Each structure stands twice: as structure tokens, then as C-alpha cells.
Amino acid sequence: MRCLPLAVAPLALVLVSPQAGAQTSYPTVTRVEPAAIRRGTTAELTITCGGGNGGGDNIGGAFAVLCPGPGLSGEVLTSGPVEPASPRAKAKTQGRRRRGSGFAKVKLTVAPDAPLGPRELRVATPQGVSSVGLVVVVDDPVVTEANDRA
């Protein structure tokens with residue numbers, strides 16, 4: 001009679017394993033561009049997500065930007081897979097994109113009285129809420145470099 005539970009254990013593992021394979025990961029924020037925004041302005045930001053287990057692919061369908069704390073509000077403009085930036089990068093990947101890379105373009109508005117310093121933001125998707133991304137609220141003008149990927 002003691003052999004029966006040992007014989008059932010492998011069967012239970014086989015029945016449970018398909019459920020484990022069906023799990024999806026939440027989007028993992030890897031970059032926020034630009035990294036700073038001036039108080040009292042509105043800017044378009046690109047939030048890049050990635051992850052070896054499809055964490056960036058899950059950014060598709062993003063529908064909200066979550067900004068805890070006072071003075072920040074945002075909305076999603078578009079989202080999708082990341083394409084290689086240059087023809088050289090396209091040739092290197094031969095039309096394949098990096099697995100798990102995706103982006104969301106968002107419009108972020110900062111109130112004139114918003115607190116200064118680093119602020120958290122997240123993106124809500126059908127697969128779940130992303131990890132934390134940071135943007136710095138500043139009082140000085142923000143200058144964006146023309147080509148920071150060179």
C-alpha cells in the first residue's frame with residue numbers, strides 16, 4: 001500500500017506541468033527616455049521593456065500609465081515591439097528582433113507644483129502591471145541629445 005502514493009506522484013507532476021508553462025511574465029521596464037521632465041510641462045516619453053521570458057512582449061496592449069504621488073499624470077499613446085534603430089543593427093539581426101523587447105509611447109504631464117526628484121511610473125497591460133520605471137522631475141530646462149545611441 002505504500003507504493004501507491006509513490007506511483008501517483010509522477011502522474012501528478014505530469015498533470016500540473018502544463019499549467020506552469022502557461023504562466024506569463026509581467027513587463028520589465030529597462031529604459032525611460034527622456035529620463036527627466038521639467039515641472040509644469042508635458043512630454044512624450046518612450047518606456048522600453050525587455051526580459052528573456054517575454055517580459056517586453058507583454059507591453060503590447062498597454063492601456064494606462066500609473067504615477068503614484070501628486071503632480072504626475074499620463075496616458076498611453078501607442079505600444080508595440082522594438083525595431084532595430086539603424087540599418088546596421090537591422091542587418092546584424094537579419095530581420096529578427098530581440099526576443100522580449102517592446103515599448104510604450106506615453107504622454108506625461110507634470111504639474112507646476114509637483115515635487116522635485118525621482119518619481120516612479122508603471123505601465124498597465126492586459127498581462128499585468130510593469131516593474132517600476134523612474135523619471136526625474138526637475139526645475140531646469142531639459143535638453144535632449146540629438147543622437148544618444150551613437
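Two strands count as paired if DSSP finds at least two bridges between them. I took strands as DSSP runs (E, at least two residues), numbered from the N terminus.

**Ground rules.** I am working with a predicted model, where local features need pLDDT of at least 70, side-chain atom pairs count only at pLDDT 80 or more, and totals for chains, interfaces and linings use all residues. Residues are numbered from 1 along each chain as its sequence is written, and side-chain values use heavy atoms, with hydrogens and water left out.

**Entry 1, the sheet.** I looked up the strand order and found an open sheet of four strands, β1-β3-β6-β5, paired antiparallel. At its edges sit β1 and β5, each pairing on one side only.

Then I went to the β3/β6 pair. These two strands run antiparallel and are joined by eight bridges. One I noted down: Thr 46 has Lys 105 in β6 as its bridge partner.

Buried means under 20% relative accessible area, exposed over 50%, and partly exposed in between (1.4 Å probe, protein chains only).

I listed the contacts (heavy atoms within 4.5 Å) of Ile 47. Beyond four places in sequence, they include Val 29, Val 32, Phe 103, Val 106, Leu 121 and Val 123.

Is Val 135 buried or exposed? Val 135 is buried, because its relative accessible area is 0%. Val 136, also in β9, is partly exposed because its relative accessibility is 32%.

I checked what each one touches beyond four places in sequence. For Val 135 the contacts include Pro 34, Leu 45, Leu 108, Arg 119 and Leu 121. Val 136 touches Ala 35, Ala 36, Ile 37, Gly 117 and Pro 118.

Last, C-alpha distances. Val 135 and Ala 36 are 99 residues apart in sequence but 5.4 Å apart in space. For Val 136 and Arg 39, I noted 97 residues and 9.9 Å.
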